[in-house]
Amino acid sequence: MRAIRKINNNVAVCVDGSGRELIAFGKGIGFREMPYELDLSAIDRTFYDISEQYQPMFSEISAPLIELAAQIIDRAKAELPYELNPNINITLADHISFCLERLEKGIRIRMPLAYDMAIAYPLEMQLARQTLERVRLATGVALPEEELSGVAMAFINARLDDKPDTSAEAAVDAAAALRDVTGLIEKTMKLSIDRSSFNYARFATHFQYLVERINSGGQMASENVSLAPSLREEIPAVADCVEAIAGYFQTRWSSPVNEEEKMYLILHVNRICQKQGL
């Protein structure tokens, strides 16, 4: 095994004996000068076929949380009747991290599709419930059941074969909406978004949830919408940007974006802006 690029002191991009690139975890393996021959005994876990845009997230999310997500994925692979995109190892860890972040801020969000998803995707919802329990045991934090459908969507979106059918019209609308809203954020916040970055991929994924809820005629509801005014006061520029996005949805689809959705968008747009150094 040859370590070729450092991600952080304990994570490195490596090449195995077959010439395949992978991400390797191991105490201190990224500390040495690259490249070098890495003893296999120093490796705790490997991740193959991770897209380059997702690789930096291995240094942004805590190692224990990445390991927890990997253990959950290992079990999911044994239970699901389809293959999962390898990137789910990091996207699920990121999703759990964001759930914990929202809960720490006192923001609880109830997804309107939970009942429908329990009927349409019982296995994925079961895995989501197991995930929340694993998070509780590992961190001592009990994520609310409102998070179930979001975790289940992480599995559904990572499905490699026979993905759920969506109408061509809806798919075009989602792509067009993402392109338009991205441009709107850049114009409003006066920044250039790196569309190849993980942060943008993360935003695009959560934006897809919003489009799906609009297409289904439902929107999320939150028990803590009262937090919205303080969030707007804390980051007014981002809040104004989200109002412009809401205006876009109203004009484009005649679909209002309620206060709960706006609060959720504020969190995600603010994440992009923070990563751009604003």
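Modeller: Helices (H or I, at least four residues) and strands (E, at least two) are DSSP runs, numbered from the N terminus. Two strands pair if DSSP finds at least two bridges between them. This is a predicted model, in which local features need pLDDT of at least 70 and side-chain atom pairs count only at pLDDT 80 or more, while totals for chains, interfaces and linings use all residues. Residues are numbered from 1 along each chain as its sequence is written, and side-chain values use heavy atoms, with hydrogens and water left out.

Biologist: Which residue is the bridge partner of Ala3 in E4?

Modeller: Strand E1 covers residues 2–8 and pairs with E4 in the antiparallel sense, over two bridges. Within E4, Ala3 has as its bridge partner Tyr36.

Biologist: What is the order of the strands in the open sheet?

Modeller: The sheet is open, with five strands and antiparallel pairing. Its order is E4-E1-E2-E3-E5.

Biologist: Why is one side of E4 and of E5 left without a neighbour in the sheet?

Modeller: In the order E4-E1-E2-E3-E5, these two strands come at the ends. E4 (36–37) and E5 (45–48) each have a single partner strand, so one side of each has no neighbour, because both stand at the edges.

Biologist: At about what angle to E5 does helix H1 run?

Modeller: H1 (residues 63–79) packs on the sheet and touches E3 (21–25) and E5, where contact means heavy atoms within 4.5 Å. Axes are lines fitted to C-alpha atoms, for helices over the stretch in contact, and angles run from 0 to 180 degrees between N-to-C directions. Between H1 and E5 the angle is about 65 degrees.

Biologist: Which residue in E5 stands opposite Ile23?

Modeller: E3 and E5 pair in the antiparallel sense over four bridges. E5 has an uncovered face, Thr46 and Tyr48, and a covered one, Arg45 and Phe47. Opposite Ile23 stands Phe47.

Biologist: How many residues apart in sequence are the parts tied together by Asp49 and Arg20?

Modeller: The two form a salt bridge, with the closest N and O atoms 3.1 Å apart; the term requires a side-chain nitrogen of Lys or Arg within 4 Å of a carboxyl oxygen of Asp or Glu. Asp49, at 47% relative accessibility, is partly exposed, and so is Arg20 at 40%, where buried means under 20% relative accessible area, exposed over 50% and partly exposed in between (1.4 Å probe, protein chains only). Asp49 lies in the loop between E5 and H1 and Arg20 in the loop between E2 (11–15) and E3, so the parts they tie together are apart by 29 residues.

Biologist: Are Glu147 and Arg102 buried or exposed?

Modeller: Their side chains meet in a salt bridge (2.4 Å, N to O). Glu147 sits in the loop between H4 (122–139) and H5 (148–157), and Arg102 in H2 (residues 88–104), 45 residues apart. Both residues are buried.

Biologist: Which residue is linked with Asp94, Glu101 and Lys105 in a network of salt bridges?

Modeller: Lys105 and Glu101 form a salt bridge at 3.4 Å, N to O. Lys105 is partly exposed at 45% relative accessibility, as is Glu101 at 26%. The network links Asp94, Glu101, Lys105 and also Arg271.

Biologist: How are H4 and H5 oriented to each other?

Modeller: Their axes come within 8 Å and cross at roughly 120 degrees. Angles under 35 degrees count as roughly parallel, over 145 as roughly antiparallel, 65 to 115 as roughly perpendicular and the rest as oblique. H4 and H5 are therefore oblique.

Biologist: How many of the 10 residues of H5 are buried?

Modeller: H5 meets H4 through residues including Leu148, Val151 and Phe155. These belong to the buried set of H5, as do Gly150 and Met153. The helix is mostly covered, and the number of buried residues is nine.

Biologist: What separates the C-alpha atoms of Tyr248 and Ala177?

Modeller: Tyr248 belongs to H9 (residues 236–253) and is buried, with a relative accessible area of 16%. Not counting residues up to four places away in sequence, Tyr248 touches Ala177 and others, among them Asp180 and Trp253. Tyr248 and Ala177 are 71 residues apart along the chain, and their C-alpha atoms are separated by 8.8 Å.
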